Amino acid sequence: MPDADKPPFARVALIGLGLIGSSIARAVRETMADVHITGFDTDTGVRERARALGFADAITDSAAAAVAEADLVILCVPVGSMAAAASALADALPAGAVVSDVGSSKASVAAVLREALPNATIVPAHPVAGTENSGPEAGFASLFRGRWCILTPDPDADPQAVARLQDFWTRLGAKVERMDAKHHDMVLAVTSHLPHLIAFTIVGTASDLEDVTESEVIKYSAGGFRDFTRIAASDPTMWRDIFLTNREAVLDMLQRFSEDLSLLQRAIRWGEGDTLFDLFTRTRAIRRSIIEQGQDDARPDFGRKHS
């Protein structure tokens, strides 16, 4: 069992210092002040900004240097970059270190990490938290507070390593769940990946229409379109990689969505008001359940402040 007073890890290395990596560093500083934090990013400019922000004890110029004495290594890079990031630190990884990640697709990432780090103790993870902003300046310590972090360890994973990582995320304020990697990928395909795909598509369609309507789409954006643009502003590299690495689950969900959309199209065409009303009633109840579970803000206009 984890020691209630002693942090589960003494030295944490973060590979990738964008929104998630920098937020982890800030949260560790706030909740486990004695933990030593090292960080690395392949972007020289990001490393310089991270040093100036001071959220880590050391920002190194190589992944190997960052992990040399770590007992927890977290890869905070786009899922398409996991193989390169893991390979870069493989030779310097301490024998007893736990390796984790923050990727939004888990089955493909786990396979990549096992191949690149065959002798390592690997416990994949996905903190279900984020914003549309990116970069080390975008991070904040409370990002994970009250949010879910899903661990997807292999069935034969070291139980102590899994328990230590669960303790780590709990101390950062997250609610921790364990899940099979493939099941995780299906759940996230419908709760996160498909909504992002729809948002990218709708905003792209509006952009195509914008010239025709002389900027009216942008000028008169109502709340629904405005909220889609927030999602569609998310990091392009990250989402490109998510769709490619979780393609099977995303395509399954997209097919189901297309079938449901066709039924909705038919109801509108044939004036089937009862069908529309029943669907909208059911989806409204789902929205209320999300609010009841504390996953969003029930205040008017999503809690936006108005002058």
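**Notes on the predicted model**

1. Let's start with burial: 38% of the 307 residues of the protein chain count as buried (under 20% relative accessible area with a 1.4 Å probe, protein chains only; exposed is over 50%, and partly exposed lies in between). Keep in mind that this is a predicted model, where local features need pLDDT of at least 70, side-chain atom pairs count only at pLDDT 80 or more, and totals for chains, interfaces and linings use all residues. Residues are numbered from 1 along each chain as its sequence is written, and side-chain values use heavy atoms, with hydrogens and water left out.

2. Now the overall make-up. The protein chain holds twelve helices and nine strands (DSSP runs numbered from the N terminus: helices are H or I with at least four residues, strands are E with at least two). Look at the contacts (heavy atoms within 4.5 Å) with a separation of 6 or more: 73% of them in the protein chain come from residues 24 or more positions apart.

3. Who sits beside E4? Strand E1 (residues 11-15) pairs with E4 in the parallel sense over four bridges (strands pair if DSSP finds at least two bridges between them), and valine 12 stands opposite leucine 72. Strand E5 (residues 98-101) also runs parallel to E4, joined to it by four bridges; here serine 100 is the bridge partner of isoleucine 74.

4. Follow the chain through E4, helix H4 (residues 82-89) and E5, and you have a right-handed β-α-β unit. Right-handed means that, with the strands pointing away from the viewer, the path from the first strand over the helix to the second runs clockwise.

5. Elsewhere, have a look at the open sheet of three strands, ordered E7-E8-E9 with mixed pairing. Strands E7 (125-127) and E9 (175-178) stand at the edges with a single partner strand each, so one side of each has no neighbour in the sheet. On average, neighbouring strands of this sheet are turned by 20° against each other, direction ignored. E7 and strand E8 (residues 148-151) pair in the antiparallel sense over three bridges, with alanine 125 opposite leucine 151.

6. Finally, helix H6 (residues 159-171) lies across E7, E8 and E9, running at about 150° to E9 (axes are lines fitted to C-alpha atoms, for helices over the stretch in contact, and angles run from 0 to 180 degrees between N-to-C directions).
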